[in-house]
Amino acid sequence: MSDSVFRNYIAGEWVEGNNGSVANISPADTSDVIGHYAQADRAQTEEAIAAAQKGQEQWQKSGLEQRYSVLMSIGDELIARKDELGEILAREEGKTRAEGIGETYRSGQFFHYYAAEVLRQMGETADSVRPGIEIETRREPVGVVGIITPWNFPTATGAWKIAPALAFGNAIVWKPANQVPASAWALTEIISRQNLPAGTMNLVMGPGAEVGDVLINSRGINALTFTGSLETGRKVAAATAVNLVKCQLEMGSKNALIVLDDADLENAVECAVGGAYGGTGQKCTASSRLIVTEGIHDQFVDAMVERMQKLVVGHPLKEGVHIGAVADARQMEQNLKYLELAKKEGGNLVCGGEVLNEDVEGYYMRPALFTETTNQMTINREEAFAPIACVIKVKDYDEALATLNDTNFGLTGGICTQSLKYASDFKRNAKTGCVMVNLPTAGTDYHVPFGGRKDSSFGPREQGTYAKEFYTVVKTAYVSA
């Protein structure tokens, strides 16, 4: 337990919050207070934006080797401290220690990747249609980037937005989710010790109603990237549109995994369990819909139940635990509401769903599996963000694909099959931004684009070289010789 107050970081200084501080309480053990974290108000958020404008003017003039060195250093420290920081992440978010360590390590890799991208920034030349004129195109920083991140991947989501922003010469004002300030503070503390102009990096922890509202409505922000719920994403899009601020949104989803009759049953079960229940099901890439053809349906359900009974739910820092804690009391309440709604609509709960009592006070539930559900049930239309998966029985591949696409979301989709024909057709016709063949729907690489379609995403893709579409602007120069 700690009584320390961890401050916001504005204009190169650690400052107390005008709104006081809040306790960061672990969902795995409500007696575990990780620390007290400063809360910024509207005025401090405006100060951070002003500081970022000044810092960005200097940072965009920095040499490539300076940027490369900064990003490499951040990545090196994240990886070197992965055990320490991964455990803090697990304590405050509820995912297992292994998942926390893995997320921290991957966050370091994001910085290493974009350090390399710093040295790959190349322009283009062209001949004009007019004689004696040469043309050059180049990318320049977009300016000040507002970053709003969710609670489920507190380090990784921040890293995959901050790393490209810095690599391309931008300044940052970061508002993390208020449930997980420790991971954001730790990453900011590492960045604060780098060779950056004051104001290049700003951390403003605080309520969305104040800090977030200022960011999405500010004319001092040049681009805003947001990961969170669809409802909030729509508000962000509407607010930034008024000021013509560049906007990037990653929102909800209702991902599906198709299991065909010819699938390798053992692999299909592992894909379903990993995709649906990893991270306590609190992933935007989670496969909460399991669309199974009738020939393999009964075998698949039996194998799923057998596999799920081996999953260990418990305190995230304990050895041998597969599923950690639910994020907080509010999330647990929502999970239980969806469980009851699924039963009321006719779903058959064949495994799990119980609230568990551990040695300490926390929020734990056993992963749940429903059968006899249809794609029209609320549980299969809305994102529950819970360790709940529903089996939908279908006749064949065509019905399975139609069912997968019958949603207003479109982030990831998967298929388990040994048929090249169906795998190839699925890759082309699944209406999702990412498709997986014989793999869980959760899990993406950092060097390729990530994003979805329909209500899942808006604006340029994240990650990989595609990130430059959001974090830079293109300039075309005409030169007469």
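This is a predicted model: local features need pLDDT of at least 70, side-chain atom pairs count only at pLDDT 80 or more; totals for chains, interfaces and linings use all residues.
Residues are numbered from 1 along each chain as its sequence is written. Local features need pLDDT of at least 70 and side-chain atom pairs count only at pLDDT 80 or more, whereas totals for chains, interfaces and linings use all residues, and side-chain values use heavy atoms, with hydrogens and water left out.

Within α11, the residues Q331, M332, N335, Y338, L339 and A342 are buried (under 20% relative accessible area, with exposed meaning over 50% and partly exposed in between; 1.4 Å probe, protein chains only). These residues cover an arc of only 120° around the axis, which puts them on the same side of α11; the arc is that of the directions from the helix axis to the C-beta atoms. An α-helix has 3.6 residues a turn, so residues three or four places apart point the same way. R330, K337 and K344, on the other side of α11, are exposed. The cover over the buried residues of α11 includes the strands β16 (355–356), β17 (364–365), β18 (368–371) and β19 (388–394).

At the N-terminal end, α11 is capped by D328, of which a side-chain oxygen lies 3.3 Å from the backbone nitrogen of R330 (a polar contact is a pair of N or O atoms within 3.5 Å, one able to donate a hydrogen and the other to accept it within protein, residues adjacent in sequence counting only if both atoms are side-chain atoms). Just after α11, a positive phi of about 110° is taken by G346.

Key
Helices (H or I, at least four residues) and strands (E, at least two) are DSSP runs, numbered from the N terminus. Contact means heavy atoms within 4.5 Å.
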